[in-house]
Amino acid sequence: MPWFRLTVSHQTRLDSQQAWDFLNDVANLERMTPPEMRFKFLGDPLKPLSLGSILVYSIRPLPLYKTLWVSEISAFEPPNRFCDTQLKGPYGSWIHEHRILKNQNSEGCTIADDIYFELPLGILGTLVYHLYVRRALSKAFAFRRKQLDLLIQNEANLDYQFTLKPLNA
């Protein structure tokens, strides 16, 4: 089964600590997920994230398919980076690194996401990727961008980049 890499960078006017605080508030994850995915965090939203934290969500990644997504915070380096790794969920594997980078030539910071994933079900998973997953991820991150801009009162014309491609073997 092929692995895929999704990269997103989103320039903001937030300073690094504000961006860190925003990303580490699990309530914001629900706010930044498209409503049709019916994302619901099932843990204690007031418990701070730390290395080894286990996060449990209910999510509908495909129409008519609801599942639990369990992930572990596998790296935690405040206020620069953290990673969540799927332990159980809709993907064969999912490793999501969140980084906060200071902008060199302007105020604020860039929120960067680097996600490596593979789908289950072999060739059928690859077919589902081409028929649905690629567009669904693009749509989910476009929604996330709009919500993030709205929630942090960001300017819409700041740089945003999204790429999704198979990894070469």
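P79 sits in the loop between β4 and β5. Helices (H or I, at least four residues) and strands (E, at least two) are DSSP runs, numbered from the N terminus. The peptide bond from P78 to P79 is cis, with omega near -10 degrees. The model is predicted: local features need pLDDT of at least 70, side-chain atom pairs count only at pLDDT 80 or more, and totals for chains, interfaces and linings use all residues. Residues are numbered from 1 along each chain as its sequence is written, and side-chain values use heavy atoms, with hydrogens and water left out.

The protein contains three helices and eight strands. Along the sequence, their order is β-α-α-β-β-β-β-β-β-α-β. The C-alpha atoms occupy a box of roughly 45 × 35 × 30 Å, taken along the principal axes. The radius of gyration, taken over C-alpha atoms, is 16 Å. A compact globule of 169 residues would have a value near 15 Å, so the two agree. The globule rule is 2.2 Å times the number of residues to the power 0.38.

Of the 169 residues, 43% are buried. Buried means under 20% relative accessible area, exposed over 50%, and partly exposed in between (1.4 Å probe, protein chains only). The accessible surface comes to about 9600 Å², and 56% of that surface belongs to carbon and sulfur atoms. Accessible areas come from the Shrake-Rupley method with a 1.4 Å probe; for residues, only the protein chains shown count as cover. Among contacts (heavy atoms within 4.5 Å) between residues at least 6 apart in sequence, 53% join residues at least 24 apart. The protein has 19 positive and 17 negative charges, whose mean positions are 8 Å apart. Lys and Arg count as positive and Asp and Glu as negative; His and the chain ends are not counted. Each charge is placed at NZ of Lys, CZ of Arg, CG of Asp or CD of Glu.

Helix α1 spans residues 16-23, and its buried residues are S16, A19, W20, F22 and L23. They cover an arc of only 165 degrees around the axis, so they lie on the same side of α1. The arc is that of the directions from the helix axis to the C-beta atoms. In general, an α-helix has 3.6 residues a turn, so residues three or four places apart point the same way. The cover over the buried residues of α1 includes α2 (26-31), β4 (65-77), β5 (81-88), β6 (93-102), β7 (109-118) and α3.

Helix α3 (residues 122-151) holds L148. L148 has 2% relative accessibility and therefore counts as buried. Residues up to four places away in sequence aside, L148 touches H10, F22, M32, I111 and Q153. F22 is also one of the buried residues of α1. L148 and S58 are 90 residues apart in sequence, and their C-alpha atoms are 21 Å apart.

A75 belongs to strand β4. Its relative accessible area is 12%, so A75 is buried. Beyond its neighbours within four places in sequence, A75 contacts L51, R81, F82 and C83. A75 and T85 are ten residues apart in sequence and 9.1 Å apart in space, C-alpha to C-alpha.

R38 counts as exposed because its relative accessibility is 57%. L64 is exposed, with a relative accessible area of 86%.
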